[in-house]
Amino acid sequence: MNIKISHPIAIQRLGHRDNQEDSIYPPLGEATSADRIFLVCDGMGGHEHGEIASDTVCKVIGNFFTTDTEFHTLTDKDLLNAVDRAYDALDDADTNTGKTMGTTLTFVGLHNQGCLVGHTGDSRVYHFRPSERKIWHTRDHSLVQNLFEIGDITEEEMKTHPRRNVITKAMLPHRENRVMPTMRNIQDIRPGDWIMLCSDGVTERSDDSDFLDILSDTSLSLDMVQERLIDLIGNNNDNHSAYLFRIENVDNPINNPEDAFQSKSELHSQQEDETPNHSYQHCSRRPNYIKLLSYILLIIAVIATAILIYSKYF
C-alpha cells in the first residue's frame, strides 16, 4: 500500500493568547508531500512550560521515526516505543519549578499497511470523506466528553461548559504509570479523503460539518483551502494549530479493508470511538435516579484518576 498525499497544509496561530503552547511536526514551513509522520501537540502548564512540553514531545517522536529507523510498516509497538522515549525527554526537560508541564498528543503515520493514528487528550485526528459526506474523529479524553457520554450534557453544551478545558489524559513528566495513546490503524483510505490533526483551539467555535463543507469544494486549490480554514477559525481565542492533507492516490490498496466509518450511529453520525467496532450512541436524558447514580459514578472515576486530570490553563 503506497499512499500519496498532497502538499500538507500547516496552521499554527496564537489566537488571543500571549504565548504559543501548540507545537507541530514537521516544523512550520518544512513539511512536504514526501513526509510520512505528522504530529500536533497542545501544551499545558503556562508560559515556558506548556510550550516546552509540546515541543519536546513533537520533536522526539518525530525524530524517532524519521532519523532513527526507516519504517515501512508502523505498529502500535513502534509508536509506544517512541512515546516512551518522549516521556524520558519530558522527564529531563521538567525544571520542577512548581508548575507541572504536560501536553496532549496527536500522531499520524502513513505506512505500507495504512495510516496509524494515536492520540492522548482533547487534540484530535480527523478522517474526512467528502465524496460520501463522512467524518470520523478520535474520542476526546476530557471531562465534558465523559459528561456527554452519561447524558448529563448535550453535544452543544460541551462547547460552552465551564470545565471544557479539563482533560482526563495527558503526557506528564515523572509519572510511575505513563499514559499511553489510544491507537488505531486505518486501512480504508481512498483518493479524495482528507486527514487532519488539530489542537482543540481549531474546533473551538466550529462544527465538524464546517470543515467538511470546505474540504468538499473541489474547485478550491490547497492555498484556498488554507485561506478558508483560517477565515473559519482565525478569531478563536485559544492557540489553534493543525496539519491536514488530501489523499491523492493509493497504490496497491489493502483488499477488503474494514470500513473506517462503519461504527457511526444514526443519532451521532459525526463522532465515533477509536475502537472500530464500538457504536457511539447519543445518550438521552435519564430519569433522575439514574442521573444521580451517573453523578456518583463520575465523581468516583474523577477522584480515582485525579492525578491525570489537568486544566490546560492554570
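This is a predicted model: local features need pLDDT of at least 70, side-chain atom pairs count only at pLDDT 80 or more; totals for chains, interfaces and linings use all residues.
Buried, as used here, means under 20% relative accessible area, exposed means over 50%, and partly exposed lies in between (1.4 Å probe, protein chains only). Residues are numbered from 1 along each chain as its sequence is written, and side-chain values use heavy atoms, with hydrogens and water left out.

- Helices (H or I, at least four residues) and strands (E, at least two) are DSSP runs, numbered from the N terminus.
- β12 is mostly covered, as five of its five residues are buried.
- In a regular strand the side chains alternate between the two faces of the sheet.
- Two strands pair if DSSP finds at least two bridges between them.
- β8 and β12 run antiparallel and are joined by five bridges; here H127 has I195 of β12 as its bridge partner.
- β12 and β13 also run antiparallel, again with five bridges joining them, and M196 stands opposite L244 in β13.

**Helix α5**

- What is buried in helix α5? In this helix, which spans residues 208-216, the buried residues are D208, F211, L212, I214 and L215.
- Seen down the axis of α5, these buried residues fall within an arc of 160° (taken from the directions from the helix axis to the C-beta atoms), so they line one face of the helix.
- An α-helix has 3.6 residues a turn, so residues three or four places apart point the same way.
- Contact means heavy atoms within 4.5 Å.
- The buried residues of α5 pack against β8 (124-129), β9 (134-137), β12 (194-198), α6 (222-233) and β13 (240-251).
- Leaving aside residues up to four places away in sequence, T203 touches R124, Y126, C198 and F211.

**Aromatic rings**

- A pair of aromatic rings is described by the distance of the centres and the angle of the planes.
- Rings of Phe, Tyr and Trp (its six-membered ring) pair if their centres lie within 6.5 Å; planes under 30 degrees apart count as stacked, over 60 as edge-to-face and the rest as tilted.
- By this rule the structure has six aromatic pairs.
- One of them joins F38 and F245, whose ring centres are 4.9 Å apart with planes at 35°, so the pair is tilted.
- That pair links distant parts of the chain, with F38 in strand β4 and F245 in strand β13, 207 residues apart.
- Both F38 and F245 are buried, and together with Y243 they form one aromatic cluster.
- F65 and F107 have ring centres 5.3 Å apart and planes at 40°, so this pair is tilted.
- F65 lies in helix α1 (residues 50-68) and F107 in strand β6 (residues 105-111), so the pair ties together parts that are 42 residues apart in sequence.
- F65 and F107 are buried.
- R184 lies over the face of W136, at 4.7 Å from the ring centre; a charge sits over a ring if NZ of Lys or CZ of Arg is within 6 Å of the ring centre and within 35 degrees of the ring normal.

**Cysteines**

- How many disulfides does the structure hold? The count is zero, a disulfide being a pair of cysteine sulfur atoms within 2.5 Å.
- The cysteine sulfur closest to that of C41 is in C58, 3.6 Å away and too far for a bond.
- C41 is buried at 0% relative accessibility, and C198 is buried with a relative accessible area of 1%.

**Backbone points to check in your viewer**

- Most residues other than glycine have a negative phi, and most peptide bonds are trans.
- The peptide bond from Y25 to P26 is cis, with omega near 0°, and P26 is in the loop between β3 (22-25) and β4 (37-44).
- N252 is not a glycine, yet it has a positive phi of about 50°; N252 lies in the loop between β13 and α7 (288-304) and counts as exposed at 61% relative accessibility.
- N256, also not a glycine, has a positive phi of about 50°; N256 is in the loop between β13 and α7 and is exposed at 77% relative accessibility.
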